[in-house]
Amino acid sequence: MSNVPNIADRPGRDTRLLEQARDAAVPPLVDAFAVALGRFDDALFDRAERAGPSQMAFLDAMRELRRRREDIIGRFRAQLQRSWKALEAGQPSPAERVFVESADDTLSLVSEQELESRLAVRNFASVIQRECKPVLGRLDRRLGWIAGDVTLDSDLNPIGPEHIGVAVHQAFVACDLAPDVRLVVIKLCERDLVPAIARIYASLDQRLMQVGVMPELPARRPPAAAAASVGEAAPDLDATGDGEDPGAPAWAARFLNRMAGVSRGLQATQAAPAAPGFGDVPPGYGSAPGAQGVLLEALHHLLQESRRGRDTGEAPEARAVDPRQRDLSQREMLSVLSLLQASPSATLRAAIGDTGESLSQRLKNEVLSSATQLGVDPSQARLAPVDEDAIDLVGMLFDVMLDERDLEGRPRELIGRLVVPFVKVALLDRRMFVQKTHPARRLLNVLAEACEGNNGESAAERTLLTKVEEVVDRLVAEFNENLAIFLTLEEEFRAYLEQHRRRIEIAERRAAEIQRGQERLEAARARMTAELDERLADRRVPQAIEDFLRQPWAHHVTMAVLREGDEGESLRESLALADGVLEELTEAQRHVVGKPWLQAWRSQMLKVFASVGMNQDAAAGAVDALHDTLQAVAAARPDLEKALPELPQVVLPKPVVDEEATPIHLVAGADTLDFDHSDADHFRGLPIGTWLDFIDKDNRVQAGKLSWVSPISSRLLFVNRRGVRFCVASPEELAAMVRLGRLRTHQSEDAFDSAMQGVIERLEPVPSAAAPA
């Protein structure tokens, strides 16, 4: 690539550079994988010597890997090439799509072996991300730039950690390996492949920089000052959530920006012994270093501050502790929660449906009262601080989600049933709160997406809710302490949800077609009315002539405009016909006698009558009636005027009606609206696919996606999450809705992230009015 000229100032996709970047990355990655694969023999042999009864599994694996070596390498190469081709096509594909596309649209159970393999390659990808984060950030931007200013991240970069992890999974997916040995093989990839990947990344990054691809990348945004005050461990978490952990949530950056008060709490806590923090992750469930650890500890102290405010200014640590009470152990906590998970109490179910009661407090009461079933005296037990944190956070998380999301009736009940399982997850793995890729939160996000705004009004909606119920039932029945069930259910349900989204896309296109047909019909009718008014305004004409123009001729003109547009030949002929008939009427009114009336227009008039369903004889009789009428006018004998024969029922075509569409309420005519013209200009340039939040008179929020803009009226069509039309409005009407507080920018965060942001806002103390500035 050294011979490529400097292209730093040239925008757009560079096919040649993409090809050279591919050649500089994909073959070396394949070679590195082949070299690592060649080292597995010795490692597996060493394992076999120490494996005891399972020795043969490792020896069999050695033979399998030798026998299928070329196939394994070919699968690895093919997967990377598929990912790169997607980037070259301008549509980078998420790594997760490989798993989604390999599943059918049912909720069939993924095999345990497949599940463990996917978990292992995800961990492998996390290691690559951690080891290569700085260079990966630069590669994402440089590759995205030469691909046509495409935004890349760890999940879309075709040579990023996630895609390499998927390639490793695909490489071994067809191999006959014992489950434990398969995990060892993937772990060996982590040991032998990561250093080589880091070198390939660094080499590609250097070469791209040398040829002028973004040679001086903008400096990364520095950590917020408040976050820096926490200490050196505070990470740089920007709005994309790319802190130390690749799965850092979006709310984390905003949270760290407001951590000055929390940092003071941390410093005070570090000066004296305190209760165990929420960041103290139990052994066996992984650690939470760096960004995750700071966030978890900060959440713990924010909860403490919140409790202090509720306890009349007394710090939680200072509350009187009954020496006869002891903390419930984690085993006891999990046992109690398992009981509640299988059979939630009536009061807990009522709390889920009640928008006024705190789920956190209800959960804590239920845990302590249910401990009696384990032989524990509630008067002699209390919640450990770290467990109280977990219950408070989960309870508030679901409080926010159930309050702020469009979840009513059955969807609310289904989401509410997840509360207890998620408390168990919080006890087992607190990283759920700070890791956006955590399988539990991914499952909650897809279930919330399926439930939000889903009132079961259509067959597709009811089917989707049934699938949600199946997932919830399985989670409640099968979740003990193995978090793998969340990954299984999330992947299976996501596969079904992809099918549902495709149906939504079809519904959305149908809504646009319906609206387009309706507007074309409205425009055709408007053109016909304008032409008719121009010819008949303030003019008295015989009844037969008026009936002809207002019925068959009007229908014929409308159809001509619909079929051929405003400049079609049929429209010109129809307008000429009306003008010719009226000119002959003018002559007749001058009492010209003996003229063969309408002879020049007879064939055209027969065509018009035929277009409304009259047979040839009836059409000829109608033309004769018009002829006799003109003759009577010329003779000044109105008593001789003829009426048209009975016309067939003329029905103008109607557009297909979307029976699922909700009523459309427009604001008013643009001439009476109060709006900001800059807002109207903004809506005129709104890109297709933009989401907005519409707020009704009861302050309920419904998200709407801009699906189509009319080339006729410039009105904007919005569809809901089901792809069904629910609002059609002009830019001026939308601008007026903004002024009325009925329209706002859509918050695109996922359900879990958005709810966590709400939790933070509820926990933060409200500044006193008397507080100094």
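Me: How many bridges join strand β4 (residues 701-709) to β5?

Reply: This is a predicted model, in which local features need pLDDT of at least 70 and side-chain atom pairs count only at pLDDT 80 or more, while totals for chains, interfaces and linings use all residues. Residues are numbered from 1 along each chain as its sequence is written, and side-chain values use heavy atoms, with hydrogens and water left out. Strands (E, at least two residues) and helices (H or I, at least four) are DSSP runs numbered from the N terminus, and two strands pair if DSSP finds at least two bridges between them. β4 and β5 run antiparallel, and the number of bridges joining them is four.

Me: Which residue takes a positive phi in the hairpin of β4 and β5?

Reply: Lysine 705 has valine 719 of β5 as its bridge partner. The hairpin of β4 and β5 has six residues between the strands. The positive phi, near 65 degrees, belongs to serine 714.

Me: Which residues of strand β5 (residues 716-719) lie on the two faces?

Reply: In a regular strand the side chains alternate between the two faces of the sheet. Buried means under 20% relative accessible area, exposed over 50% and partly exposed in between (1.4 Å probe, protein chains only). Both faces of β5 are covered by this rule, with all four residues buried: Leu716 and Phe718 on one side, and on the other Leu717 and Val719.

Me: How many residues of β6 are buried?

Reply: β6 is largely enclosed by the rest of the structure. That follows from its count of buried residues, which is five of the five.

Me: How far apart are the end C-alpha atoms of helix α27 (residues 751-763)?

Reply: The expected span of a helix is 1.5 Å times one less than its number of residues. α27 has 13 residues, so it should span 18 Å. Because 10 of the 13 are buried, α27 is largely enclosed by the rest of the structure; among them are Phe752, Met756 and Leu763.

Me: Which helices are included in what covers the buried residues of α2?

Reply: Helix α2 (residues 55-67) should span 18 Å, and its end C-alpha atoms are 19 Å apart, which agrees. Its buried residues are Phe58, Leu59, Ala61, Met62, Glu64 and Leu65. Contact means heavy atoms within 4.5 Å. What covers these residues includes α1, α3, α6 (161-172) and α7 (179-210).

Me: What is the angle between the planes of phenylalanine 33 and phenylalanine 76?

Reply: Rings of Phe, Tyr and Trp (its six-membered ring) pair if their centres lie within 6.5 Å; planes under 30 degrees apart count as stacked, over 60 as edge-to-face and the rest as tilted. Phenylalanine 33 in helix α1 (residues 15-50) and phenylalanine 76 in helix α3 (residues 69-88) are 43 residues apart. Both are buried. Their centres are 4.2 Å apart and the pair is stacked, with a plane angle of 5 degrees.

Me: Is histidine 438 buried or exposed?

Reply: Histidine 438 lies in the loop between α17 (419-428) and α18 (439-451). Leaving aside neighbours within four places in sequence, histidine 438 is in contact with residues including Val425, Asp429 and Leu483. Its relative accessibility is 2%, so histidine 438 counts as buried.
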